[in-house]
Amino acid sequence: MDTTACPPWYDGGRAAPRLAAMARLLIVHHTPSPGMQAMFEKVVEGASTDEIEGVEVVRRAALSATAADVLEADGYLLGTPANLGYMSGALKHFLDQIYYPCLDSTGGRPFGTYVHGNEGTEGALRAIRSITTGLGWQQVAEPVDLTGQPDATGLDACWELGATVAANLME
């Protein structure tokens with residue numbers, strides 16, 4: 001085939017070499033308060049630090065995240081307030097809707113969790129652990145569990161959580 005009249009980018013029908021795909025970290029969060037917002041921002045900052053290379057950070061509010069988002073990601077961060085000792089309804093809805101569509105395809109993927117409450121957060125952490133265990137996800141960092149107003153130490157822990165989960169996706 002004569003390609004002299006073709007545009008310079010035309011390769012004669014040969015497939016272009018596939019570019020290496022970046023790993024994708026999906027942060028699913030319900031952020032209804034200033035405390036949760038501060039935690040979310042630190043998690044994103046840690047996951048996006050310059051030391052983390054080759055990882056795309058995708059953020060989705062829990063009520064807009066989908067099974068497709070989960071299937072396209074390589075790791076996860078889940079953030080929720082503890083409402084009456086349980087995870088938020090928004091995060092629970094997210095986990096309910098993705099559970100079966102993602103059950104057979106996402107096992108072994110790394111994840112982390114951050115929870116904020118004014119009182120007990122144990123029920124929220126227990127429920128998230130139960131669901132993620134069922135999905136077969138692998139917890140790669142201790143959950144960040146803050147009560148009361150987030151302080152500098154708690155926010156530093158959020159940064160570390162984001163960086164740790166993202167670092168687990170680096171090749």
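**Close-up views of a predicted model**

**View 1. Thr106 sits in the loop between α3 and β5.** Helices (H or I, at least four residues) and strands (E, at least two) are DSSP runs numbered from the N terminus. This is a predicted model, in which local features need pLDDT of at least 70 and side-chain atom pairs count only at pLDDT 80 or more, while totals for chains, interfaces and linings use all residues. Residues are numbered from 1 along each chain as its sequence is written, and side-chain values use heavy atoms, with hydrogens and water left out. Because its relative accessibility is 0%, Thr106 counts as buried (under 20% relative accessible area, 1.4 Å probe, protein chains only). Leaving out residues up to four places away in sequence, Thr106 touches Val70, Leu71, Tyr76, Leu135 and Trp137 (contact means heavy atoms within 4.5 Å). Val70 lies 36 residues from Thr106 along the chain, with 8.0 Å between their C-alpha atoms.

**View 2. Leu91, Phe94 and Ile98 touch the most other members of the largest nonpolar core, which has 27 residues.** Such a core is a set of buried Ala, Val, Leu, Ile, Met, Phe, Trp, Tyr and Cys residues joined through side-chain atoms within 4.5 Å. Elements supplying at least two residues each include β1 (23–29), α3 (89–102) and α4 (122–135). Neighbours within four places in sequence aside, Ile98 is in contact with Thr66, Ala67, Val70, Leu135 and Trp137.

**View 3. Helix α1 (residues 34–47) meets helix α5 (residues 152–167), their axes coming within 6 Å.** Among the residues at this contact are Ala38 and Met39 in α1, and Leu155 and Trp159 in α5. By class, the contact of α1 with α5 has 10 nonpolar, two polar and two charged residues (Ala, Val, Leu, Ile, Met, Phe, Trp, Tyr, Cys and Pro count as nonpolar, Asp, Glu, Lys and Arg as charged, and the others, Gly among them, as polar).

Technical notes:
Axes fitted to C-alpha atoms, helices over the stretch in contact; angles between N-to-C directions. Buried < 20%, exposed > 50% of the residue type's maximum accessible area, 1.4 Å probe, protein only.
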